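User: I would like a close look at one part of this model. Please keep it brisk and stay with what the structure shows.

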Amino acid sequence: MNIAVFSEEYRTSGFVVARGLFEADLLRNITAEVEQVVHDAAATAEHGRVYFDDEAAPDTRQAVSAVRCVFRIQEQSVFLRELLHSPLILDLARSLLDDEPVADGIQYIDKPPRTTYEFPYHQDNAYMFYDPPRALVATLALDAQRATGGPIACLRGSHVLDILQHAPSGVQGASRGLVELPDTATYPEAVVEMDVGDMLFHHANVIHRTGPNRTNSHRRNLGFIYHGIGAKQDAQAIADYKRDLAGSAPSKSN
Ligand SMILES: O=C(O)CCC(=O)C(=O)O
């Protein structure tokens, strides 16, 4: 990989994909570990950390195949904690952030087969509150994802925007959605199709969403979250956000 070209793509578009970053053996081990942790998480169904595709259907609550999100997944696995701090990801994150990366955590997000839920357009920094916005999510594709499978779609170049107005989305696992989209002629949508082992790095300010999964396969993503050591979180904004969240849909900040 040419790191200069890779970083330039990120700086221009607000996202970039490292194709085939994870080789087959490592990927097999990661997938096996994730499946074990998700299985255990499904059994605990810890509120605020584990969300099912249909929270209203009690019979699906314990089914691993119905898990939608597990947040802070690294807390349950030494192996995944080590991966979060491994040079394989940190070295790329350092180049993109232009700063020393600090690991925040790992989120697991599945789009089970034929699920209709969507993550609305949003900017991650609308709930991370990093200033300057030197933060990113590195998403490892555990499954191949084509346009019909609910892949991440980014508005190219939109990371240069400030945080736009968001409102509660009502979607379990994605607390906030953009109130109004910016001009998509200026920031065109790019659907990021990935193969197993690809890793998408997206800037915390880039506007992105995911649609329904119209396939018969799972679409599992593992998102590694980092910020630059020089970026500070706005404590007041976080406190306000948590207060606003009470009573509305839980969030990826959980
Ligand atoms: O994987 C998904 O469906 C959503 C990912 C996302 O919105 C994010 O990583 O910020």
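Which strands each supply at least two residues of the shell around the ligand?

Analyst: This is a predicted model. Strand E7 (135–141), E13 and strand E14 (219–228) each supply at least two residues of that shell.

Here is the shell itself. Ile109, Phe119, Asp124, Val137, Thr139, Ile152, His208, Thr210, Asn221 and Gly223 surround the ligand. By class, four of the shell residues are nonpolar, five are polar and one is charged.

Now take E13 and its sheet. Four strands make up an open sheet, in the order E5-E13-E8-E11, with antiparallel pairing. Its edges are strand E5 (119–122) and strand E11 (189–191), and each of these pairs on one side only. On average, neighbouring strands in this sheet are turned by 20° against each other, direction ignored. In general, strands of a sheet pair through backbone hydrogen bonds, parallel or antiparallel.

Strand E8 (residues 152–155) and strand E13 (residues 208–210) run antiparallel and are joined by three bridges. Within this pair, cysteine 154 stands opposite histidine 208 in E13. His208 is also one of the residues around the ligand.

One more strand pair deserves a look. Strand E9 (residues 166–171) pairs with E10 over four bridges, in the antiparallel sense. There, valine 171 stands opposite alanine 174 in E10. Strand E10 (residues 174–178) is largely enclosed by the rest of the structure, because four of its five residues are buried.

Note on methods: Residues numbered from 1 in each chain as written. Predicted model: local features only at pLDDT ≥ 70, side-chain atom pairs only at ≥ 80, totals over all residues. Pairing = 2+ DSSP bridges. Axes fitted to C-alpha atoms, helices over the stretch in contact; angles between N-to-C directions. Near = placed C-beta within 6 Å. Nonpolar A, V, L, I, M, F, W, Y, C, P; charged D, E, K, R; others polar. Buried ≥ 20, exposed ≤ 12 C-beta atoms within 10 Å, placed from the backbone.
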